[in-house]
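Dear colleague,

Please find below the structure I am handing over to you. My findings follow it, arranged by topic.

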Amino acid sequence: MDAAMMETSPSIPLPPAVEEKALQDAQCLMGDVVVSLRCLTNMEAAVRSTHGCDSEEDRDSDNDFETSQLGTKEHWEEAYQKELETFKDIGDVGEIWFGEESMARVLKWMNATNVSKDAAILDIGTGNGAFLVEMAKHGYKNLTGIDYSPTSVELAKSVLQAEGLTHVNVKEADFCGGALEGYDVCVDKGTFDAISLNPDNTSEVKRLYVQALKASLKDQGLFSITSCNWTKEQLLERFKEGFEFVQELPTPTFQFGGKKGNSVTALIFRRVR
């Protein structure tokens, strides 16, 4: 279902609780790309429900969706192996997480904020390295990309080499391991979403992510997060300890069930000690 269909299709009457839940889950679908089949499953489940069982507390909780293989290292190894083979065959870098618009949005913010071209910038969960390429092309010189998938790292290095950007640092690392420090800016486009689906000790993984982010950023360092799974309110709650909210970046909107929502959430935080 594309954005045009979502805006013009007749509204299906839903109980208020179910309608709001469907709106939140539809956000995942209406991003610049379809991020995961989990979003479709959740939305369909909400539409099929006839009782509106979700309470206000459930909908705003930190655990309002099921875990998935999308939160496992094995899934991403398999996915990036296919993308690596495709890149080697035809030079296609593969899917750009949240689409090109998401990269342009963050780059526009970096420019407006006067992020130094020499700033130490960390791309968390770099995937195919597409955002590293864009930042390098915009003049940023001190770039690092990390991913816990070794095949992702191989793919990103291959893409950067093909672009003549061999000075960009890419390394295999689990961000939640907390071994990184000294960055002026950290960027996350979908990585927190993915680890939030981890079937193994999800709450602990999310806690470790926040701890690792605190350790990675310098005092007053900036954090940009783009998410299709979490609302602004949930992200503000998750990152309230050690961070202050700076701004929300404008993202695409859509109409569903008579309500208007954002397709993704993009927020900026500042590290405070």
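A search of the whole structure, which is a predicted model, finds 11 aromatic pairs. One of them is formed by Phe192 and Tyr209, a tilted pair with 4.9 Å centre to centre and 55 degrees between the planes. Phe192 belongs to helix α9 (residues 191-195) and Tyr209 to helix α10 (residues 202-216), so the pair ties together parts that are 17 residues apart in sequence. As for accessibility, Phe192 is buried, with a relative accessible area of 1%. Tyr209 also counts as buried, at 1% relative accessibility. Ring pairs extend this arrangement into a cluster that links Phe175, Phe192, Tyr209, Phe223, Trp230, Phe239, Phe243, Phe245 and Phe269.

Two lysines are placed over aromatic rings. Lys117 lies over the face of Tyr140, at 4.1 Å from the ring centre. In the other case, the charged end of Lys189 sits over the ring of Phe131, 5.8 Å from its centre.

The largest nonpolar core has 35 residues, of which Trp109, Met110, Ile121, Phe131, Met135, Tyr140 and Leu143 touch the most other members. At least two residues of this core come from each of α5 (73-90), α6, α7, α8, β4 and β9 (265-271). The element that gives the most to this core is α7, with six residues. A second, separate core of 25 residues includes Leu180, Cys186, Leu213 and Phe223.

The buried residues are Ala130, Phe131, Leu132, Val133, Met135 and Ala136. Which elements cover them? The cover includes the helices α6 (99-112) and α8 (150-162), together with the strands β1 (120-124), β2 (142-147), β3 (169-172) and β4 (183-189). Just after α7, Gly139 adopts a positive phi of about 100 degrees.

Six of its seven residues are buried, so β4 is largely enclosed by the rest of the structure. On one side of the pairing scheme, β1 and β4 run parallel and are joined by four bridges. Within this pairing, Ile124 stands opposite Asp188 in β4. The strand β4 also pairs with β5 (residues 217-227), again in the parallel sense, over six bridges. Here Val185 has Leu222 in β5 as its bridge partner.

Glu83 is located in helix α5. Is Glu83 buried or exposed? At 17% relative accessibility, Glu83 counts as buried, because the cut-off for that class is under 20%. The C-alpha atoms of Glu83 and Asn128 are separated by 8.2 Å, although the two residues are 45 residues apart along the chain.

With kind regards

Definitions and conventions:
Residues are numbered from 1 along each chain as its sequence is written. This is a predicted model: local features need pLDDT of at least 70, side-chain atom pairs count only at pLDDT 80 or more; totals for chains, interfaces and linings use all residues. Side-chain values use heavy atoms; hydrogens and water are left out. Buried means under 20% relative accessible area, exposed over 50%, partly exposed in between (1.4 Å probe, protein chains only). Contact means heavy atoms within 4.5 Å. Two strands pair if DSSP finds at least two bridges between them. Rings of Phe, Tyr and Trp (its six-membered ring) pair if their centres lie within 6.5 Å; planes under 30 degrees apart count as stacked, over 60 as edge-to-face and the rest as tilted. A charge sits over a ring if NZ of Lys or CZ of Arg is within 6 Å of the ring centre and within 35 degrees of the ring normal. A nonpolar core is a set of buried Ala, Val, Leu, Ile, Met, Phe, Trp, Tyr and Cys residues joined through side-chain atoms within 4.5 Å.
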